[in-house]
Amino acid sequence: MFKKPLPHWLNAALLVFATAGVQWFLLDRAWNPGWLGHLRIDPLVYHARAEFFHEHGSWAGLGFNEYQPGALWFFAAVAVGAGDLSEFDDFLRALMAVNCVILAVHVLLAGIFGGRFAPWLMLALAAACGPILLFRFELFVSLLVISGWLLWRNGRLAAAGALLGFAVSAKLYPVLLGPLFLIDAWRLGRWHRVATGLAGWGMGFALPILALFAFGTRPSEVVDALRYHFDKPVGIDGFQGSLIPVLQELFGIPLRNAPRNGIYGFDSDLGIAASLIAWLWLPLVLAVMFLAWRKSGGKAWPEPAALFVIFGIYVGLGKLIAPQYVWWAVPFLAFASPGVFSVRQLLAISTPLLSALVISQIVYPLNYTEFLESFSREPLANRLFWINAAKNVLWLCSVALAAVFFLRSPNKPSLT
């Protein structure tokens, strides 16, 4: 089994049909009322931002905006292909079309730069994530991060930094790669390569912001958008949203709901324990970075299996985790270097991971109204609370298995 690969032309043909099949499946689910109701809420805001810019030719007067500069330019670019922006459905179709193309590029890159099963695993992960990928801009940011990683591993630090900086201008999470990027730059050429990499990163980050200023945005508005994200409650979707209500129930502490800043969540009353839970991801991420660096002998950053674990820990244990954030981590599993995981280990990692992704759709969007309403009454008495908790545990199990298998692997990846 798996010992005799298919001819390249046949494998490529099957991959094209499979990619089209997954895209059709996601599009079909996307327009199903069960998925569409909640999923379309965020694109309504994207559309409003893009419509404002194309109507006024400026961002001046936009008012409050929670999205980062890179994301705003993405919305404006999608609107170019939408035609009549007065029709939201036209914008939504354009967004879905763009995301379908970007998903296909993910599969193509996995086929070129990944192992034998990489493009197939990428498709399986996308299908398990469901149509939410077509309604958000995680695929766009992910493509920037993956492209930056591919350049980084080939030693092209200025270009890699530019793409990663642009990614951070749209979503903050790629900043987690910063320490690894600087360590590898130092290894490759000391201060000269560090300066080159930082210059590229800074330019990629600054250009979308400066372009926003050139089109009327005030610096204070960008600062307000960032401040908005740092003042959010604990989200109900992630592991903290599952753990803290259980702990407060055990200690007899009523749950204090606090829906604000675009998040339906709560403020914990566990005192210092809540702070420890909120930052648990940080020492774990730093430990994985150190252990992976030591395993490689300081000569082989960045191994994608380690990046899957790093992002997976943050997604699993972070405070503000929405269902689409899983795509921050999962593509890197498909890019894991040959020999890091055996086929059996990859199956052991993928089984709980795919299960978590599929279960996630049961909660969001299919039954999200019930899930939200349960938090205003007795969340622990609702089946969806425990279904969501099971999803979070499965995710962490997958990430933990990946960490153990990677760190115990006798192979030393060599990507640079």
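I sorted the residues lining the largest cavity by class and got nine nonpolar, four polar and two charged, where Ala, Val, Leu, Ile, Met, Phe, Trp, Tyr, Cys and Pro count as nonpolar, Asp, Glu, Lys and Arg as charged, and the others, Gly among them, as polar. I note that this is a predicted model, in which local features need pLDDT of at least 70 and side-chain atom pairs count only at pLDDT 80 or more, while totals for chains, interfaces and linings use all residues. Residues are numbered from 1 along each chain as its sequence is written, and side-chain values use heavy atoms, with hydrogens and water left out.

I found three cavities of 30 Å³ or more (a cavity being a set of points on a 1 Å grid over the protein atoms alone where a 1.4 Å probe fits but cannot get out, with lining residues having an atom within 4 Å of a point; a volume is the space filled by probe spheres set on the points). The largest has a volume of about 140 Å³, and among its 15 lining residues I321, V326, K391, N392 and W395 lie nearest its centre.

I then looked at the second largest cavity, which holds about 90 Å³, and saw that helix 17 gives the most to its lining, with five residues (helices are DSSP runs of H or I, at least four residues, numbered from the N terminus).

Finally I checked helix 6 (residues 118-129) against helix 17: their axes, lines fitted to C-alpha atoms over the stretch in contact, come within 8 Å and cross at roughly 25 degrees. I therefore record helix 6 as roughly parallel to helix 17, the term for angles under 35 degrees.

Note on methods:
On a 1 Å grid over the protein atoms alone, a cavity is a set of points where a 1.4 Å probe fits but cannot get out, and a pocket is an open set with protein on both sides within 12 Å along at least five of seven lines; lining residues have an atom within 4 Å of a point. Helices (H or I, at least four residues) and strands (E, at least two) are DSSP runs, numbered from the N terminus. Axes are lines fitted to C-alpha atoms, for helices over the stretch in contact, and angles run from 0 to 180 degrees between N-to-C directions. Angles under 35 degrees count as roughly parallel, over 145 as roughly antiparallel, 65 to 115 as roughly perpendicular and the rest as oblique.
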